Amino acid sequence: MNIRMSGLAIAVLALSATSAFADVDLTPEVKTKIEDMLKAQGYEVGKIKVEDGLYEAYVKKGDEKIELYLNEKLEIVKKAGEGEDE
């Protein structure tokens with residue numbers, strides 16, 4: 001009985017962990033919002049994708065190549081520049 005309950009608890013935890021990432025979906029509308037927002041901030045926008053529950057945008061500003069990570073509210077939560085350790 002305890003094994004079944006443990007298995008059920010693990011399944012519930014696994015589903016709740018993956019549901020945290022379910023809110024981040026790269027629809028064409030979201031992609032356009034991200035591009036417009038970043039262009040307004042002076043970035044040249046390249047590829048945008050979803051990674052680890054965040055939007056990841058590859059951008060350039062001048063000669064600097066940058067990876068920006070945005071949450072579901074399209075707030076920049078992490079920035080990694082060329083040559084930086086993540």
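**Entry 1**

I began with strand S3 (residues 64–70) and strand S4 (residues 76–81), which run antiparallel and are joined by five bridges. I noted that two strands pair if DSSP finds at least two bridges between them. Helices (H or I, at least four residues) and strands (E, at least two) are DSSP runs, numbered from the N terminus. I looked up Glu67 and found that its bridge partner in S4 is Ala80. The hairpin has five residues between the strands, and Leu74 takes a positive phi near 65° there.

**Entry 2: the basis of the values**

I recorded that this is a predicted model, in which local features need pLDDT of at least 70 and side-chain atom pairs count only at pLDDT 80 or more, while totals for chains, interfaces and linings use all residues. Residues are numbered from 1 along each chain as its sequence is written, and side-chain values use heavy atoms, with hydrogens and water left out.

**Entry 3: Asn71**

I located Asn71 in the loop between S3 and S4. Is Asn71 buried or exposed? Asn71 is buried, with a relative accessible area of 11%; buried means under 20% relative accessible area, exposed over 50%, and partly exposed in between (1.4 Å probe, protein chains only). The side chains of Asn71 and Glu75 are joined by a polar contact of 2.8 Å. A polar contact is a pair of N or O atoms within 3.5 Å; within protein, one must be able to donate a hydrogen and the other to accept it, and residues adjacent in sequence count only if both atoms are side-chain atoms. Setting aside neighbours within four places in sequence, I found Asn71 in contact (heavy atoms within 4.5 Å) with Leu54, Tyr55 and Val77.

**Entry 4: the nonpolar core**

I then turned to the largest nonpolar core, which has 13 residues. Such a core is a set of buried Ala, Val, Leu, Ile, Met, Phe, Trp, Tyr and Cys residues joined through side-chain atoms within 4.5 Å. Those with the most contacts inside this core are Ile34, Leu38, Tyr55, Val59 and Leu68. Helix H2 (28–40), strand S2 (54–61) and S3 are the elements that give two or more residues to it.

**Entry 5: charges over rings**

I found Lys61 over the face of Tyr43, at 4.6 Å from the ring centre. The charged end of Lys78 sits over the ring of Tyr69, 5.2 Å from its centre. The criterion is NZ of Lys or CZ of Arg within 6 Å of the ring centre and within 35 degrees of the ring normal.

**Entry 6: the whole chain**

I counted two helices and four strands, in the pattern α-α-β-β-β-β along the sequence. Of the 86 residues of the chain, 22% count as buried.
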